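Colleague: I have a few "how do you know" questions about this model. Could you take me through them?

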Amino acid sequence: MRQENKSEDKSRQMSWSGILLGPYMLFIDNTRTFFRLGGFYALLLTAVSMLFNVGYACRFSEAGCAYQTSQLLISLAVSGFIILMFMRRWLKMTIDKSAWSWRFVLLPELPELKLTGISLAFILLNAVALVSMYLLVIREPNPDWRIEIVYFAVVSVGFLVPFALLRFYALFADVSLEEKIPSLRHLWQSGRDKTLKIMMSLLFICLVGIFSQSALNGELLNIENKSVFYIRFFAEYVYNLLVLLITSFFANHCYLQKVYREGLQQND
């Protein structure tokens, strides 16, 4: 019995293989669920892009896409909310084994609003690094080297914010699975000594997304008559499916952070 508990505790520790490969193993175990759920939400995203005449396929159209800034902003807001809906339902169906129903898939619920708030908070906080970079670029060098060093030191603190936020991505899984959100202090402490592993896992997911999109770009460049409606629709649909694929990897990563955090709590 004691050996089984040790084995279970060990499985909940954040190993390199677990955090790097775990998101993809969860996907492989639920491939059918992804293509059923992701295929439907990719269709919704494609409909939004075509309705507002914006999206991925515009860059490959010879005529381009004429749209106003308001159209782009509304499209991004609606698409972002749809992606959050997908992320929550992906975790609910793969982790909680929730059953498919049109009501569950189509109707927004309160957790999506919470996810929207968390997403906006993460975006704004990560943008602090961009603000720091902007302040360093536009500054006029001060002849007093002491003032210059102090200014650089204070402004450069903003570059540390994205690294600090790495410990809090499990919040997405907590809200998606409708579980109690731990204190920020506990979230911070549970990520101790794991920042590099978390960063490498998220970086790997980003690289997978970049290389996948580059491959899709190369295929579309070889297609003639890119402005034809069905070509635009197909390109948009495949791109949105790819976005949801990367979203599922990110959601899996957030869930694994949550699992490892709970394992640490049990050990404590």
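Modeller: Gladly! Let me start with a definition: contact means heavy atoms within 4.5 Å. This is a predicted model, where local features need pLDDT of at least 70 and side-chain atom pairs count only at pLDDT 80 or more, while totals for chains, interfaces and linings use all residues. Residues are numbered from 1 along each chain as its sequence is written, and side-chain values use heavy atoms, with hydrogens and water left out.

Colleague: Which residues does F172 touch?

Modeller: Leaving out residues up to four places away in sequence, F172 touches M87, L115, I118, S119, F122, F250 and C254.

Colleague: What makes C254 buried or exposed?

Modeller: Buried means under 20% relative accessible area, exposed over 50%, and partly exposed in between, using a 1.4 Å probe and protein chains only. C254 has a relative accessible area of 1%, so C254 is buried. C206 has 49%, so C206 is partly exposed.

Colleague: And why is V161 called partly exposed?

Modeller: Because its relative accessibility is 22%, V161 falls in that in-between class. V161 is in contact with L125 and V128, leaving aside neighbours within four places in sequence.

Colleague: How many disulfides are there?

Modeller: A disulfide here is a pair of cysteine sulfur atoms within 2.5 Å. By this rule the count is zero.

Colleague: Why are helix 3 and helix 4 called roughly antiparallel?

Modeller: Helices (H or I, at least four residues) are DSSP runs, numbered from the N terminus. Axes are lines fitted to C-alpha atoms over the stretch in contact, and angles run from 0 to 180 degrees between N-to-C directions. Helix 3 (residues 31–51) and helix 4 (residues 69–94) pack at about 170°, with axes 10 Å apart. Angles under 35 degrees count as roughly parallel, over 145 as roughly antiparallel, 65 to 115 as roughly perpendicular and the rest as oblique. Helix 3 and helix 4 are therefore roughly antiparallel. Their contact includes F34, L37 and Y41 of helix 3 and W90 of helix 4.

Colleague: What makes a group of residues a nonpolar core?

Modeller: The members are buried Ala, Val, Leu, Ile, Met, Phe, Trp, Tyr and Cys residues, joined through side-chain atoms within 4.5 Å. The largest such core has 53 residues, and F34, L37, Y41, W90, F122 and F172 touch the most other members. Helix 12 (229–267) is among the helices that each supply at least two residues, and the largest share, 12 residues, comes from helix 12. Apart from this core lies another, of six residues, among them Y56, L220, A235 and Y239.
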